[in-house]
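Have the viewer open as you read.

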Amino acid sequence: RTVESLRAESARLEAAMHAHIEESREALVRGGKGMASLRRDVEAVEYAAKDVRRRSKLITRKLLDPYEALARRTAKLRTVFEANEVLRRAQRFIFATRRLREKLQVGQTSTTGGASSSSSS
């Protein structure tokens, strides 16, 4: 949720910056300066706006990259944990199978041994 809220806030900030740039551009036009001066002012505002956008994207990336890396690592860890659980269950099954075989073998030898001792008397 935090990552999504950061993304939403970044998008909102981007929209606010764009609206501010447009307002500044309109204010410059309404100022009634000469065309050459107006062009320079508009270019300066556009350059500053591009720089602000670049910096905001950089900040957003610096904030989001660690969260996304952590999410990837958490997913890998979850997969390893689930695999470990499967292996533990398989190991328990193998041990239970061995114990069952041993009990069956002991039961067969006692049954076979009992039958041979009763036939020899």
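## Around Tyr67

Leaving out residues up to four places away in sequence, Tyr67 touches Thr2, Val3 and Leu6 (contact means heavy atoms within 4.5 Å). Tyr67 sits in helix α2; helices here are DSSP runs of H or I with at least four residues, strands are E runs of at least two, and both are numbered from the N terminus. Between Tyr67 and Val3 there are 64 residues in sequence, yet 6.9 Å in space, C-alpha to C-alpha.

At 39% relative accessibility, Tyr67 is partly exposed. The scale runs like this: buried is under 20% relative accessible area, exposed is over 50%, and partly exposed is in between, with a 1.4 Å probe and protein chains only.

## About the model

This is a predicted model, where local features need pLDDT of at least 70 and side-chain atom pairs count only at pLDDT 80 or more, while totals for chains, interfaces and linings use all residues. Residues are numbered from 1 along each chain as its sequence is written, and side-chain values use heavy atoms, with hydrogens and water left out.

On the α1 side, Val3, Met17, Ile21 and Leu28 are buried.

## The whole protein

The protein has 2 helices and 0 strands. Of its 121 residues, 9% are buried.
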